[in-house]
Amino acid sequence: MLGLQWGDEGKGKVVDVLTPGYKVIARFQGGPNAGHSLKFGGDGFVLHTVPSGIFREDSMNIIGNGVVIDPVILMDEIRSIEEKIGPISGRLQISKRAQLILPTHRMLDAASEAAKGKSKIGSTLKGIGPTYMDKTGRNGLRVGDILSPEFLQRYEALKTKHLGMLAQYDFEFDITEYERKWLAAIEELKRFDFIDSEIAVNRYIDDDVPVLAEGAQGSMLDIDFGTYPFVTSSNTMSAGVCTGLGIAPCRVGKVIGIFKAYCTRVGSGPFPTELFDETGEKLRRIGKEFGATTGRPRRCGWLDMVALKYAVMMNGVTELIMMKADVLNSFSTIKVATAYELDGRRLDHFPFECGENVTPVYREFKGWDCDICGVRDYDDFPAELKDYIAFIEQETGCPVSIISTGADRSEIVIR
């Protein structure tokens with residue numbers, strides 16, 4: 001299960017809704033730069049590292065090897081969850097191979113972003129990029145290293161290396177307090193099971209136990225196939241499941257792609273259908289489009305079918321889930337970008353050169369202009385919404401199996 005746009009598609013709610021059909025929910029990439037929002041029973045919750053099935057009592061939640069973990073953020077999140085539902089140590093396991101985000105990783109992230117000036121990429125400043133750099137540079141510390149008697153020495157060695165790198169920047173910082181919290185959080189994490197997650201996940205599959213792999217961010221932020229360099233530092237597409245959990249491609253079953261009925265993006269980077277007018281502001285206001293992790297206002301625009309079809313192709317999506325259809329309740333006209341114009345050429349595919357010089361070509365649809373929040377049966381949807389869904393299915397070649405009609409886990413239509 002993964003997002004098909006620039007993140008914030010509503011993956012947390014979908015995982016929470018689908019969890020009853022799965023025994024195991026495993027997060028396969030990303031870190032605390034993601035925020036999965038859930039709402040049920042009148043309460044809201046945002047998860048950053050813990051898989052979104054944690055509120056289902058009979059589920060096992062695994063943080064996979066492809067995830068990067070900040071112990072401070074993770075323990076704060078765990079404590080908040082436990083205040084709500086009690087101890088979760090029996091339903092949360094952490095891969096020994098998951099990389100640790102150090103306090104100095106956060107400083108490197110902030111220093112690097114500050115040095116870019118106007119060219120900044122819009123980093124969440126959580127230390128994600130520098131941590132993945134240490135991972136590929138074979139310098140990083142992993143969760144399994146916490147149990148080593150040499151852990152503190154190895155931590156100090158990597159910290160010293162980072163301080164040398166930070167000396168190259170004109171950037172003031174002090175990690176003293178955060179480092180204290182970090183080391184305390186490391187000790188707290190020891191009450192959870194550190195596992196060889198690749199072995200555990202494959203055994204579940206061998207035993208025909210349903211496993212739901214949960215992605216973070218969105219496909220258009222993929223390090224290889226997203227709008228580079230305005231991307232994240234991991235593979236957000238379905239291929240990331242294989243490397244982030246340690247399973248073979250042939251063992252991947254359904255690929256569930258989640259998208260909003262319109263588009264949003266946080267941070268810098270290309271966004272062909274972005275709206276800078278009252279319509280864009282209306283989408284932001286009604287959709288409450290503010291980052292779950294950063295609180296930053298999200299950029300808003302119409303659905304981009306060119307980018308959506310690209311993401312469907314790259315992920316091998318087998319079924320679609322449309323979120324926030326209710327946000328479009330009061331729009332008399334809805335637009336969808338069906339092609340791009342670039343340097344006098346008309347393109348129906350997502351190009352390498354996707355930037356400010358790309359102009360979307362729109363097709364207009366009549367809006368349903370009514371409240372669908374109380375609808376629970378597809379047959380009760382207005383004809384205009386059914387037409388909108390049918391067009392998306394025709395263009396992508398994938399069925400839309402679920403339509404979200406509100407923020408709560410109960411506000412959903414399953415076909």
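This is a predicted model: local features need pLDDT of at least 70, side-chain atom pairs count only at pLDDT 80 or more; totals for chains, interfaces and linings use all residues.

Biologist: With which residue does arginine 251 form a salt bridge, and how far apart are the closest N and O atoms?

Modeller: A salt bridge is a side-chain nitrogen of Lys or Arg within 4 Å of a carboxyl oxygen of Asp or Glu. Arginine 251 pairs in this way with aspartate 206, and the closest N and O atoms are 2.6 Å apart. The pair links distant parts of the chain, 45 residues apart: arginine 251 is in the loop between helix 8 (239-245) and strand 11 (256-260), and aspartate 206 is in helix 7 (residues 197-206). Helices (H or I, at least four residues) and strands (E, at least two) are DSSP runs, numbered from the N terminus.

Biologist: How many salt bridges does a search of the whole structure find?

Modeller: The search finds 22. One of them joins lysine 254 to glutamate 319, with the closest N and O atoms 3.8 Å apart. Lysine 254 lies in the loop between helix 8 and strand 11 and glutamate 319 in strand 15 (residues 319-323), so this pair ties together parts 65 residues apart in sequence.

Biologist: Is glutamate 319 buried or exposed?

Modeller: Buried means under 20% relative accessible area, exposed over 50%, and partly exposed in between (1.4 Å probe, protein chains only). Glutamate 319 is buried, because its relative accessible area is 16%, whereas lysine 254 counts as exposed at 53%. Arginine 251, at 30%, is partly exposed, and so is aspartate 206, at 49%.

Biologist: Which residue meets glutamate 289 in a salt bridge?

Modeller: The partner is lysine 260, at 2.9 Å from N to O. Glutamate 289 lies in the loop between helix 9 (278-287) and strand 13 (299-301) and lysine 260 in strand 11, so parts 29 residues apart in sequence are tied together. Both glutamate 289 and lysine 260 are buried. They belong to a network of salt bridges that links Asp8, Lys260, Glu289, Arg298 and Lys324.

Biologist: Where is threonine 405 found?

Modeller: Threonine 405 is in the loop between strand 19 (400-404) and strand 20 (412-414), and counts as buried at 0% relative accessibility.

Key. Residues are numbered from 1 along each chain as its sequence is written. Side-chain values use heavy atoms; hydrogens and water are left out.
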